[in-house]
Amino acid sequence: MEEGTSKSPTRAGGTDTTTPADRDPDARQWDVREGCEVRQILDRVADKWSLLAIALLDRRVLRFTELRREIDGISQRMLTVTLRRLERDGLVRRTVHPVVPPRVDYELTPLGATLHDAIQALVTWTEEHQAEIAAARAAYDECDAECVAP
């Protein structure tokens with residue numbers, strides 16, 4: 001137990017001091033502490049370059065140069081790092097063909113395809129709710145400009 005913490009879930013006055021994570025063990029999966037594996041995986045698969053690579057590899061095989069051309073703004077080094085990480089996580093399969101010049105193909109693994117499905121669900125949700133989000137942003141920005149104290 002960390003210094004300064006108590007095993008007791010309540011304060012002396014009877015106020016419940018348990019956190020949502022204490023009441024709901026599933027909330028621990030979102031733990032942001034360094035070293036949390038779920039957080040590390042989410043950070044890896046939810047970054048901008050990984051999402052784009054996974055989307056482009058849906059149901060097709062692409063060469064490194066094709067991926068680089070399709071992902072606007074990515075450097076050769078960043079694409080290499082991204083693909084290596086996705087390969088290490090079992091989401092992308094890399095195939096080197098013994099030809100001159102060398103040819104390397106990338107494709108989603110079955111595990112990567114399941115991640116693509118989850119990403120597609122998030123994209124669909126975003127498309128369905130983009131007008132509501134835009135309205136909420138506009139209302140917030142309007143209030144923020146008017147409600148700021150001098």
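Predicted model: local features only at pLDDT ≥ 70, side-chain atom pairs only at ≥ 80, totals over all residues.
Let me begin with the overall layout. The protein contains six helices and three strands. Read from the N terminus, the order of these elements is α-α-α-β-α-α-β-β-α. Of the 150 residues, 21% are buried. Among the contacts with a separation of 6 or more, 35% involve residues 24 or more positions apart.

The largest nonpolar core comprises 21 residues. Leu 57, Leu 67, Ile 71, Leu 79 and Tyr 106 have the most contacts inside this core. At least two core residues come from each of the following elements: helix H3 (48-56), helix H4 (64-70), helix H5 (76-88), strand E3 (103-108) and helix H6 (110-147). Helix H3 supplies the largest share, namely four residues. As for Leu 57, its contacts beyond four places in sequence are with Leu 62, Leu 67, Val 92, Tyr 106, Glu 107 and Leu 108.

Which of its residues are buried? They are Trp 49, Ser 50, Ala 53, Ile 54 and Leu 56. Viewed down the axis of H3, these buried residues fall within an arc of 165°, and they therefore line one face of the helix. At the start of H3, the backbone nitrogen of Trp 49 has a side-chain oxygen of Asp 47 within 2.9 Å.

Finally, I come to the charged side chains. The count of salt bridges is five, and I shall describe three of them.

One joins Arg 39 and Asp 43, whose closest N and O atoms are 3.1 Å apart. Because these two residues lie four residues apart in helix H2 (residues 37-45), about one helical turn separates them. Arg 39 is partly exposed, at 33% relative accessible area, and Asp 43 is also partly exposed, at 44%.

Another salt bridge pairs Arg 44 with Asp 89, at 2.9 Å from N to O. This pair links distant parts of the chain, 45 residues apart: Arg 44 belongs to helix H2, whereas Asp 89 sits in the loop between H5 and strand E2 (92-97). Asp 89 is partly exposed, with a relative accessible area of 28%.

A further salt bridge is formed by the side chains of Asp 58 and Arg 59, with an N to O distance of 3.6 Å. Here Arg 59 is exposed, its relative accessible area being 76%.

Key
Residues numbered from 1 in each chain as written. Heavy atoms only, no water. Buried < 20%, exposed > 50% of the residue type's maximum accessible area, 1.4 Å probe, protein only. Contact = heavy atoms within 4.5 Å. Core = buried A, V, L, I, M, F, W, Y, C linked by side-chain atoms within 4.5 Å. Arc of directions from axis to C-beta. Polar contact = N/O pair within 3.5 Å; in protein donor to acceptor, adjacent residues only side chain to side chain. Salt bridge = Lys/Arg side-chain N within 4 Å of Asp/Glu carboxyl O.
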